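Dear colleague,

Please find below the sequence and structure that I am handing over to you. My findings follow directly after them.

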Amino acid sequence: MPDPYIVLHAGFHKTGAAGLHKILDRNEDALQKRGINAVHHRHMRKNFTAPCQQNAGGSRQTVMDDRKLRKVTGRFFDQVKKDGPDRLILTDQNIAGSIRPAIKTGQLYRHAGPIMKVVAQQIPFAVNEIHLVVRNYADFFTALYLDYIADLKRHDTDFVTPQSMCDAVFKRLSGWHDVVRPIRSQLPRSKIILWRFEGFDQATAGMTPLLQHLVGEKIDATSLETGKRSKKGPAISNRAVAELGLLMKSDGAKVKRETLQAVLKSYPDDPPFDPWQDWERAHLDRLYDRDIVRLGTDKAITIMQPA
């Protein structure tokens with residue numbers, strides 16, 4: 001049986017991966033009829049991504065030794081290739097590691113190197129394409145912070161303020177170049193296609209161009225069912241985040257989760273949360289543009305941006 005054509009979508013976080021997962025999952029039958037197996041991201045995370053991270057030391061969970069890892073990942077690939085797909089889509093935004101520590105450290109995927117080394121060793125086929133979606137640093141960290149405070153629990157006594165996150169970013173930011181580099185070095189024969197998330201916002205077809213690259217030429221991505229978009233609630237405001245910070249500072253572990261969530265929903269008419277001053281955003285945008293240009297000098301990397 002010939003090896004399938006392998007397409008790896010490795011994230012990153014806060015760049016629309018969840019929407020892609022929903023479309024691929026919703027169209028599982030239609031894709032399989034055309035010889036395309038889009039592995040469910042939760043199945044991949046549980047049976048491949050997480051074990052690789054445990055082996056590499058990029059996880060807080062119990063370390064998994066090499067022998068057990070080979071057994072787990074071997075079983076995973078036996079399952080996903082059993083029907084002999086022509087094209088295998090592997091997607092999980094956690095492949096390069098956890099992003100939550102970036103709130104405190106200001107560093108993007110600081111364990112990407114050792115994790116990607118293990119990932120590359122465990123994939124038994126040649127990876128033909130790797131798709132990565134990046135986002136400008138100011139918006140990326142803003143989105144991460146909103147996720148962080150939305151998931152606060154009463155035992156999170158070491159509260160990270162927006163200012164401390166911004167300070168960490170300016171002190172220790174490791175850019176997208178430093179994240180893509182270990183992926184490039186560990187999978188040197190793969191074609192890397194880099195997408196700018198900002199392009200998806202401007203494109204009338206949303207993320208369809210990326211989706212088309214993932215599924216290939218056997219099916220028109222515009223024919224896939226997308227389902228109804230979930231309605232977004234009111235944006236979290238600057239004042240709500242400030243009030244939350246005061247509450248965490250005064251009461252800390254005594255604050256109930258319900259109270260935290262109620263504070264975040266307060267002041268909906270105030271300006272949306274943005275921790276950056278104008279000059280900080282401008283500086284981060286320059287760094288972002290510089291890093292994209294730097295990545296574009298690598299002949300193995302194609303920079304894509306929907307028009």
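Arg 75 lies in helix H4, which spans residues 66-80. In this predicted model, Arg 75 has a relative accessible area of 43% and is therefore classed as partly exposed, since that class lies between the buried limit of under 20% and the exposed limit of over 50%. Together with Arg 67, Lys 68, Arg 70 and Lys 71, Arg 75 forms a positive surface patch.

Helix H11 covers residues 208-215, and its buried residues are Leu 210, Leu 211, Leu 214 and Val 215. Viewed down the axis of H11, these buried residues fall within an arc of 125°, and they therefore line one face of the helix.

Pro 114 belongs to helix H6, residues 112-122. Its relative accessibility is 39%, so Pro 114 counts as partly exposed. Pro 114 and Ala 96 are 18 residues apart along the chain, and their C-alpha atoms are separated by 9.2 Å.

Met 304 is located in strand S6, residues 301-304. With a relative accessibility of 24%, Met 304 also counts as partly exposed. Along the chain, Met 304 and His 131 are 173 residues apart, while a distance of 10.0 Å separates their C-alpha atoms.

With kind regards

Methods: Residues are numbered from 1 along each chain as its sequence is written. This is a predicted model: local features need pLDDT of at least 70, side-chain atom pairs count only at pLDDT 80 or more; totals for chains, interfaces and linings use all residues. Side-chain values use heavy atoms; hydrogens and water are left out. Patches are made of residues with over 30% relative accessible area and no salt bridge: like charges are joined within 9 Å, nonpolar side chains (Val, Leu, Ile, Met, Phe, Trp, Tyr) within 5 Å. Accessible areas come from the Shrake-Rupley method with a 1.4 Å probe; for residues, only the protein chains shown count as cover. A salt bridge is a side-chain nitrogen of Lys or Arg within 4 Å of a carboxyl oxygen of Asp or Glu. Lys and Arg count as positive and Asp and Glu as negative; His and the chain ends are not counted. The place of a charge is taken as NZ of Lys, CZ of Arg, CG of Asp or CD of Glu. Helices (H or I, at least four residues) and strands (E, at least two) are DSSP runs, numbered from the N terminus. Buried means under 20% relative accessible area, exposed over 50%, partly exposed in between (1.4 Å probe, protein chains only). The arc is that of the directions from the helix axis to the C-beta atoms.
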